[in-house]
Amino acid sequence: MAKTTELCKDIRDEIVDLHKAGMGYRTIGKQLGEKATTVGAIIRKWKKFKMTVNVPRSGAPCKISPRGASMIMRKVRDQPRTTWQDLVNDLKRAGTTVSKKTINNTLCHHGLKSCHARKVPLLKPAHVQARLKFANNHLDDPEEEWEKVMWSDETKIELFGLNSTRRVWRKKKDENNPKNTIPTVKHGCGKIIIWGCFSAKGTGRLHRIEGRMDGAMYHEIFANNLLPSVRALKMGRGWVFQHDNDPKHTARATKEWLRKKHLKVLEWPSQSPDLNPIKNLWRELKVRIAQRQPQNLKDLEKVCMEEWAKIPVAVCANLVKNYRKRMISVIANKGFCTKY
């Protein structure tokens, strides 16, 4: 039998009103054009629940018992990389046969969903302790102290970087239409390496690194890009330079160059890209580049320079203003990687 349309609330209320007036089921049905059995069902529901709207249905009974649900929840808590099929097999051995969809529904009901595992730097115990020490030492630093920091880093910009995972709407036969494809470049020639810096006062200079960067090239970047950026942003005296613990950054020659220039360097914990707010600016830059869609490396470098200069000062200032939240996250996560 086909499923019939449910009566609206107004008709249900009218049926109840007529019943209260003393009319019988058949009489009400004839007056409203409904079956007497329908009228009777609505009146009985009203007498039982004191309302005419539909009560929530219980739905089909869950095939996984509370004990089975506890078992799979315990399994995914202990081993988050457990697959749906592993859980199906575990329940099957326990005497319950269910589908992957049922497993998924049960986990979702308990607030869990399947997600891609984030890729983060490998942290050894020494790294974790160093991160905690850094966070605790700087937790109460005033915002003005972070405004004196010139943040720096290198990054790789790919010609078709953010487009590599883009989805398109197309018909099956249009798979090779140029509008629906993403160009690729062989042998790693579709990318450039850039160095950049910024502070709460805005972005500094951006420099393309040609070839492999060594200590000598890094010193040239200091002289031709870092120091001019400090002057352009009017950092004033007492500014602090930040860079990570890359070997060329911590080489004896680099330390000596920084010492001769009387530059104060922020002590930095290894394996901590999430503590460097310039990573957020790199993401901002790559999104802007993807929107411009440069077609060759020369255009890519040009677009990088243009879009880096366009990043608003307010964005830079906001990243520095909220820096204390990173310290709190590191401490809350016991030194391990954070969402930043």
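Trainee: How far apart do the C-alpha centres of domain 2 and domain 3 lie?
Mentor: This is a predicted model, where local features need pLDDT of at least 70 and side-chain atom pairs count only at pLDDT 80 or more, while totals for chains, interfaces and linings use all residues. Residues are numbered from 1 along each chain as its sequence is written, and side-chain values use heavy atoms, with hydrogens and water left out. The assignment, automatic or from a database, gives domain 1 (9-49), domain 2 (66-110) and domain 3 (125-333). Between the C-alpha centres of domain 2 and domain 3, the distance is 42 Å.

Trainee: At what angle do the axes of α2 and α3 cross?
Mentor: Helices here are DSSP runs of H or I with at least four residues, strands are runs of E with at least two, and both are numbered from the N terminus. Axes are lines fitted to C-alpha atoms, for helices over the stretch in contact, with angles from 0 to 180 degrees between N-to-C directions. The axes of α2 (residues 25-32) and α3 come within 8 Å, and they cross at roughly 115°.

Trainee: How many nonpolar, polar and charged residues are in the contact of α2 with α3?
Mentor: Contact means heavy atoms within 4.5 Å. On the α2 side you'll find Tyr25, Arg26, Ile28 and Gly29, meeting α3 residues that include Val39, Ile43 and Lys47. For the classes, Ala, Val, Leu, Ile, Met, Phe, Trp, Tyr, Cys and Pro are nonpolar, Asp, Glu, Lys and Arg are charged, and the others, Gly among them, are polar. That makes the contact of α2 with α3 five nonpolar, two polar and three charged residues.

Trainee: Which strands stand at the edges of the sheet?
Mentor: Two strands pair if DSSP finds at least two bridges between them. The open, mixed sheet runs in the order β3-β2-β1-β4-β5. Each edge strand has a single partner, so one side of it is left without a neighbour in the sheet; the two are β3 (202-209) and β5 (264-265).

Trainee: What is the bridge partner of Lys156 in β2?
Mentor: β1 (residues 149-158) and β2 (residues 191-199) run antiparallel, joined by eight bridges. Across to β2, Lys156 pairs with Ile193.

Trainee: Is Lys50 buried or exposed?
Mentor: Lys50 is in the loop between α3 (36-49) and α4 (66-78), with a positive phi of about 60° although it isn't a glycine. With a 1.4 Å probe and protein chains only, buried means under 20% relative accessible area, exposed over 50%, and partly exposed in between. Lys50 has 63% relative accessibility, so it counts as exposed.
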